[in-house]
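Open the model in your viewer and keep the sequence beside it. The tour below goes from one selection to the next.

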Amino acid sequence: SVLVVAILASLVLAACGANAAKADNLLDAIKQRGYILVSTDPNYEPASFLNTEGKRPSDTKCPSDALTTAEMQGFDVDVAKAIGDDLGVETCFATPSWDAITAGNWANKWDVSVGSMTITPERQKVVDFSVPYYGTPAVVAVLADSKFTSLDELSGQALCAGAATTYETWLNG
């Protein structure tokens with residue numbers, strides 16, 4: 001409920017979506033057209049990923065270049081669908097690059113982003129965030145028979161993290 005209220009408030013305040021010129025604000029535009037266009041990363045399983053068995057419904061309101069909830073899966077997809085359901089509209093997905101999503105200034109290409117994105121000071125300059133609705137702890141794993149027992153001992157060692165993540169940012173200092 002808190003997430004939906006926060007997103008609804010940001011939609012009303014943002015007023016930056018497709019068809020917004022025909023409505024007083026983005027929320028009205030979404031309701032008029034009957035769908036919300038959500039950006040998410042289709043390569044971030046289990047949060048959001050393509051449903052290889054899903055088929056596009058013939059009666060969808062989604063634009064032809066957007067995916068439907070039948071074509072996507074994952075936690076972020078379920079959150080986005082719940083938002084659309086609460087608004088009484090269909091949820092559709094734009095799948096721009098992660099860099100485009102985190103850069104902000106979306107030029108009305110989608111309405112909101114529902115993605116597992118860490119809030120950082122840099123991102124807050126270009127993206128309006130809702131109140132966080134979940135958190136994922138970071139962990140460092142080594143083999144059970146490893147000689148490493150502290151983070152300090154890993155300094156200078158080869159490590160891996162997901163590209164363009166705050167984990168990678170932390171590893172790079």
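In which sense do E1 and strand E6 pair, and over how many bridges? Select residues 90–94, which form E6, together with strand E1 (35–39) in this predicted model. The two strands pair in the parallel sense, over five bridges.

Click on Ser39: its bridge partner in E7 is Ser113.

Now show the side chains of E1. Tyr35, Leu37 and Ser39 point one way from the strand, while Ile36 and Val38 point the other way. Are these residues buried or exposed? All are buried, and E1 as an element is mostly covered, with five of its five residues buried.

From there, move to the largest nonpolar core, which has 16 residues. Select Ile30, Ile36, Val38, Ile83, Leu87, Phe93 and Val114, the members that touch the most other members. Then colour helix H2 (26–33), strand E1 (35–39) and helix H3 (75–87), the elements that each give two or more residues to this core. Which of them gives the most? H3 does, with five residues.

Last, select Leu37, Ala94, Trp98 and Ile101. They are among the eleven residues of another core, which lies apart from the largest one. In soluble globular proteins, nonpolar side chains tend to be buried together.

Terms used. Residues are numbered from 1 along each chain as its sequence is written. This is a predicted model: local features need pLDDT of at least 70, side-chain atom pairs count only at pLDDT 80 or more; totals for chains, interfaces and linings use all residues. Side-chain values use heavy atoms; hydrogens and water are left out. A nonpolar core is a set of buried Ala, Val, Leu, Ile, Met, Phe, Trp, Tyr and Cys residues joined through side-chain atoms within 4.5 Å. Buried means under 20% relative accessible area, exposed over 50%, partly exposed in between (1.4 Å probe, protein chains only). Helices (H or I, at least four residues) and strands (E, at least two) are DSSP runs, numbered from the N terminus. Two strands pair if DSSP finds at least two bridges between them.
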